[in-house]
Amino acid sequence: MATLLIDKETCTGCEACIPSCPFGALSMKEGIAVVDEKCTFCGACVDVCPVSAITMEKDEKTVTIDAGAYKNVWVFIEHEQGKVSSVSFELLGEGRKLADAIGCKLCGFIFGKEAAGFIKEAIAYGAEKVYVTESPLLEPYRTDPFACAAVNLIRKYKPEIVLFGATIQGRDFAGTVATTLGTGLTADCTGLDIDPETKYLKQTRPAFGGNIMATILDYPNYRPQMSTVRPKVFPMPPRDDSRNGEVIRESLPMTEDQIRTKVLEFIKGAEAVNLADAEIIVSGGRGIGSAENFKVIRELAGVLGAAVGASRAAVDAGWIPYEHQVGQTGRTVRPKIYFACGISGSIQHQAGMKTSDIIVAINKDPEAPIFKIATYGVVGDLFTIIPMIKEEFKKRLGR
Amino acid sequence: MKIVVCIKQVPDTTDVKINPETNTLVREGVASITNPFDEFAIEEGLRAREKYGGEVHVITMGPPQAIEVLKNALAVGCDKVYLVSDPAFAGADTLATAYAVSKTIEHIGGADLIFCGKQAIDGDTAQVGPGVATRLGIPQLTYVCKVREINLEQKKVVVERMMENGREVVESSLPALITVVKDINEPRLPSLLGIKKAAKAQIPTLSAKDINADENRIGLKGSPTWVTKVFTPEARGGGEVLKGELTDVVPLLINKLMDLKFIK
């Protein structure tokens, strides 16, 4: 076990360590630094202490598992309504790099009623082996049978690394799988890297609404190393339909009466939201002023084939359903182009869209914080500007 | 019905600023709040109690000052609250946290229904809820935007889950763990009487030993993952404000966007 030691004799009470702690675990007590249980032993304070009063003792955990038994990189191939989610392909692309770096195979794993089409696609996008569990109980998606199928495969074939898309499905059952296996799971990663010698997976993810980044490792006593990875972080790999792959089938060791939930129905939304997959998003905020005025946003989105987003202010005012909300208490998106219209750009909104490739801000307030992060800003009345943008696009695109 | 709500104290990220010189998070003066999603979990717990009877018990794990979020829970009308606090929990990742929370729920006698926020806004992992459900051996219902019906006799609950393009209606056996999204309700404000009562309340603190936790499964020792590096993301450049007459600015903007060769 690790301990953070603060030498009371050496500590001068200079407080240099306090702002260095990303987790707010340090405070001053009677002129001496003290640490509380928010400490994650990241060591940030050790480096800043000018008098070296802070040290960390990290006991090496005794390795009790045979880490050598764990091989290969696995990617969960997620599908919905007959279509593989693009994040699964993106992960096959990234998984290829990881597998090459440590000299192992890249594998996909697929669950469903009938998986034939998905197997082909997984192989075309780079999987050398595909593990498949088919059963009528695996459609539609439910936590219990999916977790059971995954745990069954992982226990039997022992992958080194397992990657899931950080989607509604992936984030629902990956936690169950990791807890059942008693291994680590790093959520919503935006960067992956691997040490070819130790095979440690370096998982980088945002925290505190994207204000800090943390790189996370798994202790060697816990395998596989598992992460959920945010969609649209990695590029799509090239598709090659001439590739061949091995298919390994395992049955589902579960019956319907062991499954504790039933899907009664699916209510399709009045309007497709599709924020997660969108390459272009047009979002409206407080400046839109009413539900009716969202028409200007929808019209521009229509011309561009874009999804419609909204700020919390617009959702809370009841102008547009919550499903459209982008930001800390809504969704995190990463499109190629994000239009922020009448959105001031609070830190919470930024948490949901700051990593978009291009941000276009349209706002009448030149001091709005959105202009500080916008690639391009236009100051002025959005009801004049957006229709002009729409007409100009229509002209150029011949629509 | 016994309802347990799991909540977390988080820094209010509205206040979070980056020190431009050291590139680190400025923590001083940052207020601590109840994780926003957990406010909806508390409200949903209270509504279930009002409709079906029972008690709402709230637990939080954290340093002693996390007691504040429990006082807020008492002020809005929750029946009992527990602080789970022990230096031995330091360094806990989501697996070790879920273990400690599940041991706490067992210690206070279990639950018919557990509510959590879908995720906490500081860590954003969304993993502790499912972890607790798995540890307790009960089903989980995540991203819930509506609780349609609770049937205590048949031990069933029907909820709507918010999906990418619609809502999934799911029936589950009880006990179950539900994680909620923001859209589910409008949290109530505390009453004056509630605030007064909460201020005077003695809040029980449970240690690792109290909840009968295995010391090898809590804190850093029970955590498969550890944070090796923390850094500030590169500041986003930008801030090119296009100036001039709109009749010039708009075509200029479109030129720039079309140059990306992306819009088709």
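**Helix packing and chain contact in a predicted model**

The angle in question is about 55°, and the two axes lie 8 Å apart. Helix α3 covers residues 94–107 of chain B, while helix α4 covers residues 128–136 of chain B. The crossing of α3(B) past α4(B) is right-handed. On the α3(B) side, the contact is built from Thr94(B), Leu95(B), Thr97(B), Ala98(B), Tyr99(B), Val101(B), Ser102(B) and Ile105(B). Helix α4(B) contributes Val128(B), Gly131(B), Val132(B), Arg135(B) and Leu136(B). Sorted by class, this contact holds eight nonpolar, four polar and one charged residues.

Turning to the two chains together, their contact draws on 88 residues from chain A and 82 residues from chain B. The side of chain A that touches chain B comprises 45 nonpolar, 25 polar and 18 charged residues.

Phe164(A) belongs to strand β10, residues 161–165 of chain A. Phe164(A) counts as buried because 29 C-beta neighbours lie inside 10 Å. Beyond its neighbours within four places in sequence, Phe164(A) is in contact with Phe76(A), Gly170(A), Ala174(A) and Thr228(A). Gly43(A), 121 residues away from Phe164(A) in sequence, lies 29 Å from it in space, C-alpha to C-alpha.

Key: Residues are numbered from 1 along each chain as its sequence is written. Chains are lettered from A and ligands numbered from 1 in the order in which they are written. This is a predicted model: local features need pLDDT of at least 70, side-chain atom pairs count only at pLDDT 80 or more; totals for chains, interfaces and linings use all residues. Two residues are in contact if their C-beta atoms, placed from the backbone, lie within 7 Å. Ala, Val, Leu, Ile, Met, Phe, Trp, Tyr, Cys and Pro count as nonpolar, Asp, Glu, Lys and Arg as charged, and the others, Gly among them, as polar. Axes are lines fitted to C-alpha atoms, for helices over the stretch in contact, and angles run from 0 to 180 degrees between N-to-C directions. Helices (H or I, at least four residues) and strands (E, at least two) are DSSP runs, numbered from the N terminus. A crossing is left-handed if the near helix is turned anticlockwise from the far one by less than a right angle, and right-handed if clockwise. A residue is buried if 20 or more other C-beta atoms lie within 10 Å of its own, exposed if 12 or fewer, and partly exposed in between; C-beta atoms are placed from the backbone.
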